[in-house]
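Take a walk through this structure, one feature at a time. Keep the sequence and the model side by side as you read.

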Amino acid sequence: MKRQGVAILGSTGSIGVQTLDIIRANPDRFQVVTLTANSNWQLLARQAVEFDADSIVIADENHYKELCDAVSDRNIKVYAGRDAVEQSVENSQVDVVVNALVGYAGMMPTLRAARKGKKIALANKESLVAGGCVIIPAALENRAPILPVDSEHSAIFQCLTGEVSPVRRLIITCSGGALRDLPHEALATVTPEQTLKHPQWKMGAKITVDSATLVNKGFEVIEAGWLFGMDADHISVVIHPQSIVHSLVEFEDGALKAQLGAPDMHIPISYALLYPERSTHPAERFSFTDHPTLTFGEVDRVKYPALDIAYDCMRRGGSAACTMNGANDVAVAAFLESRCAYPDIVGAISYALERAAFSPAPTADDLALANDEARKLATEYLRLKHKA
């Protein structure tokens with residue numbers, strides 16, 4: 001069996017590191033071709049040496065020389081810059097692109113991989129949130145399979161595998177994030193440190209904040225719509241604090257299928273990489289006796305206004321979700337740096353959506369303009385709030 005050539009975008013982040021765990025356990029199945037990182041050149045260099053990568057890319061050009069020096073005794077090609085990250089997915093040796101980038105930066109690499117007909121293991125939900133309207137047609141035209149890495153979408157994908165009957169509803173579960181048990185009135189004064197203490201998952205800082213605001217869950221609704229061809233009225237969200245049921249599918253006959261398991265991202269990553277096979281090396285065996293109670297509840301739409309904003313963006317289509325994503329990026333960065341309050345995240349999103357130009361059928365260039373405008377509007381909102 002020919003080994004699949006893999007490009008991992010964001011190899012030094014949580015998803016990237018866990019992807020390399022799976023490749024390490026399956027050396028006969030995968031060969032690392034390209035690894036990319038934003039700024040962590042030290043870890044990138046170590047990964048490149050261990051996995052004998054053909055090439056590596058550091059997005060932050062300031063670290064190019066340090067990275068070159070770190071691998072100077074190896075036959076590893078070194079590139080720098082965001083354009084180089086995008087170009088890396090087009091390498092003829094690459095069969096599979098694992099996109100674990102954060103935010104809008106992941107959209108163009110996904111689009112370029114789709115245009116080249118590459119298999120895409122997608123952990124960068126912003127690709128489809130911002131650019132689903134251009135990525136999905138490109139993937140269909142070039143027969144580029146997109147396999148979800150997010151635990152919720154992987155769960156839905158697993159529940160749908162083998163089914164031919166109509167689906168009534170997708171049900172996406174939601175932990176509620178680090179602030180789940182705080183009353184609504186206490187959110188105005190929460191700190192970044194509080195927000196980053198997720199009760200179940202170990203993730204990057206931005207996605208952990210997005211989990212707390214439920215922006216992440218709203219984006220997952222939008223992503224599910226693109227991946228599975230469902231509209232907003234047929235996708236539901238329920239609070240499930242234990243994070244054991246990763247999502248469910250309801251069929252027209254009333255039957256429900258759910259995918260359950262420990263909150264371990266190795267499972268959905270390995271399923272995306274090995275599909276239609278499964279990994280034979282689970283991190284741990286799930287025990288129902290250790291989890292005797294599974295609970296579910298409605299989402300508090302007052303406490304979590306971002307969810308309804310995302311549904312509205314999904315219904316509007318066009319560039320709306322791209323605008324939401326861009327504004328959220330700016331606001332979350334400001335919150336993590338203690339430059340704004342927690343409620344200002346949703347405030348910035350609303351401000352941008354109310355003022356941004358709307359394109360009903362955007363091209364990739366239109367989406368780039370929408371993203372830039374959203375970021376400027378969010379920055380403007382935060383500046384006005386600071387002055388106030």
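**A guided walk**

Arg143 lies in the loop between α6 (126–141) and β7 (146–148). Helices (H or I, at least four residues) and strands (E, at least two) are DSSP runs, numbered from the N terminus. Arg143 has a positive phi of about 55 degrees, although it is not a glycine. Most residues other than glycine have a negative phi, and most peptide bonds are trans. At 76% relative accessibility, Arg143 counts as exposed. Here buried means under 20% relative accessible area, exposed means over 50%, and partly exposed is in between (1.4 Å probe, protein chains only).

A word on the source: this is a predicted model, where local features need pLDDT of at least 70 and side-chain atom pairs count only at pLDDT 80 or more, while totals for chains, interfaces and linings use all residues. Residues are numbered from 1 along each chain as its sequence is written, and side-chain values use heavy atoms, with hydrogens and water left out.

Leu214 also has a positive phi, of about 70 degrees, and is not a glycine. Its loop runs between α9 (205–213) and α10 (215–228). Is Leu214 buried or exposed? At 0% relative accessibility, Leu214 counts as buried.

Another backbone feature sits at Pro276. The peptide bond from Tyr275 to Pro276 is cis, with omega near 10 degrees. Pro276 is found in the loop between α11 and α12 (305–316).

Now step back to the whole chain. It has 15 helices and 11 strands. Its radius of gyration is 20 Å, close to the 21 Å that the globule rule gives for 388 residues, so the chain is as compact as a globular protein of that length. That radius is taken over C-alpha atoms, and the globule rule is 2.2 Å times the number of residues to the power 0.38. Along the principal axes, the C-alpha atoms fill a box of roughly 55 × 55 × 40 Å. Of the 388 residues, 55% count as buried. Contact means heavy atoms within 4.5 Å. Among contacts between residues at least 6 apart in sequence, 69% join residues at least 24 apart.

Next, look at helix α5 (residues 107–115). Why is α5 described as largely enclosed by the rest of the structure? Because 7 of its 9 residues are buried. They are Met107, Pro109, Thr110, Leu111, Arg112, Ala113 and Ala114. The buried residues of α5 pack against β1 (4–9), α4 (82–88), β5 (96–99), β6 (119–122), α6 and α15 (364–387). After α5 comes Gly117, whose phi is positive, near 75 degrees.

Some space is left inside. The structure holds 2 cavities of 30 Å³ or more. On a 1 Å grid over the protein atoms alone, a cavity is a set of points where a 1.4 Å probe fits but cannot get out, and lining residues have an atom within 4 Å of a point. Grid points are joined across faces, edges and corners, and a volume is the space filled by probe spheres set on the points.

The largest cavity holds about 60 Å³ of space. It is lined by 10 residues, and the closest to its centre are His246, Gln259, Asp264, Ile267 and Pro268. The most come from α7, with 3 residues. By class, the lining has 4 nonpolar, 5 polar and 1 charged residues. Ala, Val, Leu, Ile, Met, Phe, Trp, Tyr, Cys and Pro count as nonpolar, Asp, Glu, Lys and Arg as charged, and the others, Gly among them, as polar.

The second largest cavity has a volume of about 50 Å³. Its lining consists of Arg316, Ser319, Ala320, Thr323, Leu353, Ala356, Ala357 and Phe358. These divide into 5 nonpolar, 2 polar and 1 charged.

Last come the cysteines. A disulfide is a covalent bond between the sulfur atoms of two cysteines. The rule used here asks for a pair of cysteine sulfur atoms within 2.5 Å. By this rule the count comes to 0 disulfides. For Cys133, the closest cysteine sulfur is in Cys322, 8.3 Å away, too far for a bond. Cys133 is partly exposed, with a relative accessible area of 26%. The sulfur of Cys159 is 18 Å from the closest cysteine sulfur, in Cys174, again too far for a bond. Cys159 counts as buried, at 3% relative accessibility.

Conventions: On a 1 Å grid over the protein atoms alone, a cavity is a set of points where a 1.4 Å probe fits but cannot get out, and a pocket is an open set with protein on both sides within 12 Å along at least five of seven lines; lining residues have an atom within 4 Å of a point.
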